[in-house]
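Good morning, colleagues. I would like to take you through one structure, beginning with a chain and ending with a single residue.

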Amino acid sequence: MDALRGILTRIVTTAITLFGVAVIVFAVIRIAPGDPIAMMLPPGASDEDIARLRALYGLDKSIVEQFFIWLGNVLHGDFGTSISIRQNVLGIVLGRLPATLELSFLALIIASTIGVGLAYLATRYRETAAEGTVDVINGIALSVPDFLWGLALILTFGVAWPIFEISGRVSPTLDLPFTSNFYLLESLVRFRFDITLNLLSHMIMPAIALALPLAAVISQLLKSSLKETMNQDYVMLARTKGFPESRVIARDAMRNAILPTMTLTGVQLTFLIGGTVIIERLFSYEGLGNLAIDAVINRDLPLIQGIVLLFAVLFVAINLIVDLLYTLLNPRLRHG
Amino acid sequence: MADIAQTAPQSGPAHRRRPLPLRLVLSGTWLLVVLICAVFAPFIAPHDPLAQDLLLERLPPFWMAGSEPGYYLGTDGLGRDVLSRIIYGARIALTVAFVAATAACVIGSALGLIAGYYRGFVDQIVSRIVDIWMSFPPVLFAILLVAVIGTGLHSVILAIIVIDWIRFCRVVRAETFVQVKLDYVDSARVAGFSRLTILIREVFPNTLPTIVALLSLEMGIAVIVEAILSFVNLSISTDDPTWGGMIAEGRTIIYFAWWVLVFPLIALFLTVLAFGQFGEGLKDRFDPVLQ
């Protein structure tokens, strides 16, 4: 029952959070100086034209009125029309979302692989130089943010030793026979592995840059979690049965150590997705984050609102899912 | 990283006897170098960081063919000395680091202590605000804020404070939860201290090691945020030397003059790493539990 109450409370606070997000997004943008209408019209437009355009975008009403009209529209899936691109905001945003999701997902896979790999090495060769090395790598990967890793990668594997592409999502010369914007997924489904390789060549460096800090978090958490499990009775038992140490770690200890790591990694996932904003800019990758920065520079209010809201909903959803999973999977909370 | 300190010899009554950990020495030295560069920039920099000379554009660093004596790290696309711009860039980086991180630390830690100690209604409100703040990608939030309140050094600092106080608030709140349950708080209560006195005189000093480590880490984050904002051209004016601005220019001419990107990047890399390691080192050294 306590778990159920916890879940209900969590859902109520999530609703409050989402409302707060909407208020902040709306408020931040409405206090912006500079008139977006003025930017859309040629200099010397008549007052009448300006007034007409203001009414068209609903800018002539009171702030509170504007907020609730806007919120009502948003809840019906109407995010308005982009001022710079002059298309439906929801359409633009959903068109760009797959690029960001694919990049984030690739980064998550890389982060998990590196993180688990390092934790395994540090446990297998514990109390040797290898463990110390892993600690140092983790420390550096944690202190240095994705932006700097991205630049370092561009210099190393883009310029000094050019083996990967440093800008864009896919080579513009390639003909893409795709129906969705999930290029990576679709190229795999359609067995167009030439396109898959081209996509990966563009995505691998931004994905690694995003993955490194998260890999260090995973590695640290899993390593300390493994350290605990290695002294448990069942691990001792597996060892006395004569299984080799590598198998004991990989099968018996890892299985029990990975769950707490996964739940704690969930929150970190939002940091990774947040990192796509600047990383996409750095690599000129045509995702949501790159679009967001363009929208800010162009003062495209409806588009900024749409993108920020989409990110916020994504983050709130991830945090909610992680919390609920934690409640469901943690026996102490379930029976407590 | 804490394991290293735990395995270090714990003998002796005072931590003063322990030798300074290597990372504290290394990171502290680098931060001191950056600080000296920032304070004495006009005396150290070999050239005017703003002086353009189109006859000297894109000069390579001193060990490469075609370099000019006196331009040790080469020049950028407008013939400005890279080394001098890096030295002057330290001024803006450290100003942002100290001012923004300290203000975010004071606000966030105060709210974290209050929410963690008094719980109840105050905690509910602070926690909801933190939840809302956590729902925005921080970089996008910063870019948006600066675009709204206008570019410039003050805006960059303000944006970092507005966004990053929650880093302190979350951690200090959680730390306060832990501290409040410890025996010394009960003892203080039995001894008749008021709640406010206990919070300020007993609980707060015990959260300090955490706060100091976070503060150092936050200074590194502030330096990065300023660089990112300069990179997207939203920090201070493009002429003024900032590491992020140099990186942005270097990114566009990367195939012709890699040094315009590489040297400010190294400065940024080492500074951020040093702030992080310095904080961790201080925490290990002054954490009462470890002593």
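How many helices and how many strands does chain A have? Chain A has 14 helices and 0 strands, where helices (H or I, at least four residues) and strands (E, at least two) are DSSP runs numbered from the N terminus. Before I continue, please note that this is a predicted model, in which local features need pLDDT of at least 70, side-chain atom pairs count only at pLDDT 80 or more, and totals for chains, interfaces and linings use all residues. Residues are numbered from 1 along each chain as its sequence is written, while chains are lettered from A and ligands numbered from 1 in the order in which they are written.

The C-alpha trace of chain A spans about 85 × 60 × 40 Å along its principal axes. Of the 336 residues in chain A, 38% are buried; a residue is buried if 20 or more other C-beta atoms, placed from the backbone, lie within 10 Å of its own, exposed if 12 or fewer, and partly exposed in between. Taking contacts in chain A between residues at least 6 apart in sequence, 73% join residues at least 24 apart. Two residues are in contact if their C-beta atoms, placed from the backbone, lie within 7 Å.

Let me turn to one helix pair. In chain A, the axes of helix α5 (residues 89-124) and helix α9 (residues 193-229) come within 6 Å and cross at roughly 40°. Those axes are lines fitted to C-alpha atoms, for helices over the stretch in contact, with angles from 0 to 180 degrees between N-to-C directions. α5(A) and α9(A) are therefore oblique to each other, since angles under 35 degrees count as roughly parallel, over 145 as roughly antiparallel, 65 to 115 as roughly perpendicular and the rest as oblique.

Next comes the contact between the chains. Chain B contributes 33 residues and chain A contributes 35 residues. On the side of chain B that touches chain A, α5 (120-134), α6 (138-149), α9 (195-231) and α11 (259-286) of chain B each supply at least two residues. α11(B) gives the most to that side, with 9 residues.

Finally, a single residue. Ala103(B) sits in helix α4 (residues 82-118) of chain B. Why does Ala103(B) count as partly exposed? Ala103(B) is placed in that class because it has 17 C-beta neighbours inside 10 Å. Its C-alpha atom is separated by 41 Å from that of Phe256(B), 153 residues apart along the chain.
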